[in-house]
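Visitor: I am new to this structure and would like to learn how to read it. Could you walk me through it step by step?

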Amino acid sequence: MNLITLIKIGWRNIWRNKKRSLVVILSIVLGLYGGLIIASLMITLNTQRMDTAINTYLADIQIHDKEYSKEYSLSDTISNIQYLEEKLKTDPRIKSYSKRAVINGMLSNSTGSYGVNVLGIDPESEIKVTNVYSKLIEGDYFESKRLNTMIVGEKLANKLNLKLRSKVVIAFQDVNGDITSLLFRVEGIFKSGNGMFDDYNVFVKNNSIFSNMPNLNSYHEIPILTTDENATQSLKFDLQKIDNSLEVKSWDEIAVELAYANKMLSSFLYIFMLIVLSGLSFGIINTMLMAILERKKEIGMLMSIGMTKIYIFLMICFETVFLSLVAIPFSLMITYFTVDYFSVSGIDLSVVGSGLENFGVGTILYLKLPIEYYLNLSLLVILISSISSIFPAIRALKINPVEATKSI
Amino acid sequence: MIETQKLKKTYKQGSLKVKAVDNVNLKISDGEFTAVVGPSGSGKTTLLNCVGGLDIPTSGKVIIDDEVISSYSSDKMIKFRLNNIGFVFQAYNLIPVLTAKENIEMVMLMQGYNKQEMDERSIDLLNEVGMENMSKRRPAELSGGQQQRVAVARALASKPKFILADEPTANLDSKSTAKLLDIMSRLNKQENITFLFSTHDQRVIDRARRVVTLEDGKIIKDIKK
């Protein structure tokens, strides 16, 4: 007996009770669809969170002085910056870079004081690296001719009741350890989609810092965007070789929690799907047991006329797997169309917007689902249904042909 | 030749032991057309089950062509049944999702025939039982008599030496019964296939050339016509 015949019998058998088979198929379709959509939501949330972080402030790679990350001291600036810039300008893997002077200070106005991270930037080059300029909800992005202007996050602006042209004072310890205060006027208010970032970071022109701090002779941070994210590691390695006094880190080394969440997500999703599909497998087992009970006589007859146990076993297994093989394409198709539609129109979650912003994600989710998830989760369904087929198949083997057929 | 020696089969019904077949010694030569008769519960079906290797005797032996098949392992027994015994069931037991031709080919597939052989033989067998025009019909599209004729063709597909048939005419009308008996009788004579029936049906008993009567699991009469 060949497998094709068994497959043929198995295939026809699942359509003997159409209603029952369709119920199981529908449950697999919905289970897999639900699982894939949840996977898509999780991946989208995580990706958008990473993208927000990378596009708003992290970039792909950052260069600091080796000592900088220890105390974030103003004096730990990048040395030999001109030589470094020459290298950066000529490397084809680098799309753009910027230079930042970073100061931790206390921002105060008549409403109150708040600890902030001041990013002194060159607006023209920063535009090429990060997208805060496109996240402005009020005012302009350093278009004023005034030197001491500032862009603040919406969350911080709300806390300190800052409006456009509001005056604020930033106090910090300078290179010599003396307390220095600088006066700024709010020129723009941004909303990056990451509430924590908006709460803590302000942008100023780096000239305003250097002109007021003659002892500060270089920059603290160089964020770099690569042309190809696959080139990040090799570029990082090569940049590190330029100067040992530098610390070159990729975004996942800087924002470790983001990278960790990204790594964990995949495992989490597969475990989640395994739980969902395990629940489904009980439905499959139940249906197959019913089918076997109905066909007890027929299976007994097959045993009587000489069908070996292995073929009986395989026949039941094929039937079970066919149920999922019918369901999978439908699941994949509706998932694909759903993801495709919401990847363009997006899902508006502004109802829970503040929560999402605290998580570092915008309020509109543009669904995405990598092709590997379609493939792997389909294989998982086939695996689960194959495993589910074992119990009914064993039950089929226990059928006594004499009892099943009542007579020979 | 089929032979049973001191064949016993006891079933447990709760705390009671029921002797379905009790010390039966029976020899059936090749080419016989034998009916096993008796009232309900006399052990006809159990005797056929034991002879066909579907049931394991409590004691005694079933010998077919000098082989003690009652001591065969389960797998060996399945292969033996496939190649030596054809079964005809009271309720036909055709596979509903397969056509008449495919039902017949099923047995040959298990035996490893190639497609051409199967095709030719299944058509021959359908001709033999007068079902050549209904080869593509599924069991649900056939009458009881037609289904039983397909079942006979299926039983013949493996070229068995013996056909064991349990109440093959029980669900058939007289016309279908006569037709079926004609076919089986012809096969018996032309192909020298041994037929062993269990039956209540007087029409079958009339056509049988040997009638073995069972009562309470024992042979009480054995008449050769």
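This is a predicted model: local features need pLDDT of at least 70, side-chain atom pairs count only at pLDDT 80 or more; totals for chains, interfaces and linings use all residues.

Visitor: Let us start with sheets. In what order do the six strands of the open sheet in chain B run?

Guide: Strands of a sheet pair through backbone hydrogen bonds, either parallel or antiparallel. Two strands count as paired if DSSP finds at least two bridges between them. Strands (E, at least two residues) and helices (H or I, at least four) are DSSP runs, numbered from the N terminus. Here the order is β6-β7-β8-β3-β9-β10 in chain B, with mixed pairing. β6 (85–88) and β10 of chain B are the edge strands, each with a single partner, so one side of each has no neighbour in the sheet. From one strand to the next, the twist averages 15 degrees.

Visitor: In which sense do β7(B) and β8(B) pair?

Guide: Strand β7 (residues 162–166) and strand β8 (residues 194–199) of chain B pair in the parallel sense, over five bridges. To find the spot, look for A165(B), which stands opposite F197(B) in β8(B). Helix α1 (residues 44–51) of chain B packs on this sheet and touches β3 (33–37), β7, β8 and β9 of chain B. The direction of α1(B) makes about 150 degrees with that of β8(B).

Visitor: How many residues lie between the strands of the hairpin of β9(B) and β10(B)?

Guide: There are two residues between β9(B) and β10(B), and D216(B) in the turn has a positive phi of about 50 degrees. The pairing of β9 (residues 210–215) with β10 (residues 218–224) in chain B is antiparallel, over six bridges. V212(B) faces D222(B) in β10(B) across this pair.

Visitor: Which strands make up the open sheet of four strands in chain B?

Guide: The order is β2-β1-β4-β5 of chain B, with antiparallel pairing. β2 (16–28) and β5 (67–68) of chain B each have a single partner strand, so they stand at the edges with one side lacking a neighbour in the sheet. β4 (residues 59–64) of chain B pairs with β5(B) over two bridges, and the bridge partner of I64(B) is E67(B).

Visitor: Now helices. At roughly what angle do α4(B) and α5(B) cross?

Guide: Axes are lines fitted to C-alpha atoms, for helices over the stretch in contact, and angles run from 0 to 180 degrees between N-to-C directions. The axes of α4 (residues 115–128) and α5 (residues 144–157) of chain B come within 9 Å and cross at roughly 135 degrees. α4(B) and α5(B) are therefore oblique to each other (angles under 35 degrees count as roughly parallel, over 145 as roughly antiparallel, 65 to 115 as roughly perpendicular and the rest as oblique). Their contact joins R121(B), L125(B), L126(B) and E128(B) of α4(B) to A153(B), L156(B) and A157(B) of α5(B); residues are in contact if their C-beta atoms, placed from the backbone, lie within 7 Å.

Visitor: How are the domains of chain A assigned?

Guide: Domain bounds come from an automatic or database domain assignment. For chain A, this gives domain 1 (3–54 + 258–405) and domain 2 (67–244). The C-alpha centres of these domains of chain A lie 49 Å apart. Seven residues of domain 1 of chain A are in contact with five residues of domain 2 of chain A.

Visitor: And how many residues does each chain bring to the contact between chains A and B?

Guide: Chain A brings 20 residues and chain B brings 25. On the side of chain A that touches chain B, α1 (3–14), α12 (296–305) and α16 (401–405) of chain A each supply at least two residues. α12(A) gives the most to that side, with five residues.

Technical notes. Residues are numbered from 1 along each chain as its sequence is written. Chains are lettered from A and ligands numbered from 1 in the order in which they are written. Two residues are in contact if their C-beta atoms, placed from the backbone, lie within 7 Å.
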